[in-house]
Amino acid sequence: MTDDSTATLAALRAGLGADPLWDFALAFYARPGVEAACLCLQDEAGIDVCELLWHCWLYRHGLTLSEEPPELEAIRRWQRSVTQSLRDLRRQLKAEAARSPGIADVRRRIQQAELDAERETLQRLQCLAQQAEQLTPLPANDPGLEISLASRWKLQKKAQLLAAQTLEYRLDPL
């Protein structure tokens, strides 16, 4: 790495601390079409929404991964064992919650625990981004977020590509 690219990377990383991933995720997810796009990619392509939002956040800051950091696997295990379990349980209770106020209350508590688990995931991903050696500035000839996501997760179905396109369209530059 040259002195210029090291300085550029340092400047880009500095922006990560000023724009917490959790705050970005809440604001971005609330934009029209983003929730539906994220859930489409989660349900149809098996992409973890927190990891997807992390890549969007990195991209917004002009950063990408040259390769996956080894520490990412521990975060994925957390998502599978904790967050996914809570999500599955919440979804299982949906029909019953419609008929029972008590079950509805339990379901709301599970949903809050799921949100807390996702917040923990996002905090771990932010820490990883601030330390990962595999983080690099976007190349000058970057093809865009849609192509980057499609390439990373080998998206091919029209609905998945449209979801990635929606994310790019809704992502504000800094």
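Colleague: How many nonpolar residues does the lining of the largest cavity have?

Modeller: This is a predicted model, in which local features need pLDDT of at least 70 and side-chain atom pairs count only at pLDDT 80 or more, while totals for chains, interfaces and linings use all residues. Residues are numbered from 1 along each chain as its sequence is written, and side-chain values use heavy atoms, without hydrogens or water. A cavity is a set of points, on a 1 Å grid over the protein atoms alone, where a 1.4 Å probe fits but cannot get out, and lining residues have an atom within 4 Å of a point. Sorted by class (Ala, Val, Leu, Ile, Met, Phe, Trp, Tyr, Cys and Pro are nonpolar, Asp, Glu, Lys and Arg charged, the others, Gly among them, polar), this lining has 1 charged residue, 3 polar ones and, as nonpolar residues, 6.

Colleague: Which element contributes the largest share to the lining of the largest pocket?

Modeller: A pocket, unlike a cavity, is an open set of points with protein on both sides within 12 Å along at least five of seven lines, and the largest pocket contains about 460 Å³ of space. Its lining has 18 residues, and those closest to its centre are Tyr29, Val49, Glu114, Leu115 and Glu118. Helix H2 (21-29), helix H3 (34-45), helix H4 (49-60), helix H5 (72-92) and helix H7 (101-131) each give two or more residues to this lining. The largest share, 5 residues, is the contribution of H7.

Colleague: How many charged residues are in the lining of the second largest pocket?

Modeller: The second largest pocket, with a volume of about 310 Å³, has 17 lining residues, and Gly46, Ile47, Asp48, Gln79 and Arg80 lie nearest its centre. Two or more of the lining residues come from each of H4, H5 and H7, and the largest share, 8 residues, belongs to H5. The lining divides into 6 nonpolar residues, 6 polar ones and, as charged residues, 5.

Colleague: Is Leu125 buried or exposed?

Modeller: Leu125 belongs to helix H7, and, leaving aside neighbours within four places in sequence, this residue is in contact (heavy atoms within 4.5 Å) with Leu21, Cys50, Glu51, Trp54, Leu72 and Ile75. His55 is 70 residues away from Leu125 in sequence, yet the two are 9.7 Å apart in space, C-alpha to C-alpha. Buried means under 20% relative accessible area, exposed over 50% and partly exposed in between, with a 1.4 Å probe and protein chains only. Leu125 has a relative accessible area of 1%, so this residue is buried.

Colleague: What radius of gyration does the protein have?

Modeller: The protein has 9 helices and 2 strands, and along its principal axes the C-alpha trace spans about 60 × 35 × 25 Å. The radius of gyration is taken over C-alpha atoms, and the globule rule is 2.2 Å times the number of residues to the power 0.38. For 174 residues a compact globule would come near 16 Å, and this agrees with the value for the protein, 17 Å.

Methods
Grid points are joined across faces, edges and corners, and a volume is the space filled by probe spheres set on the points.
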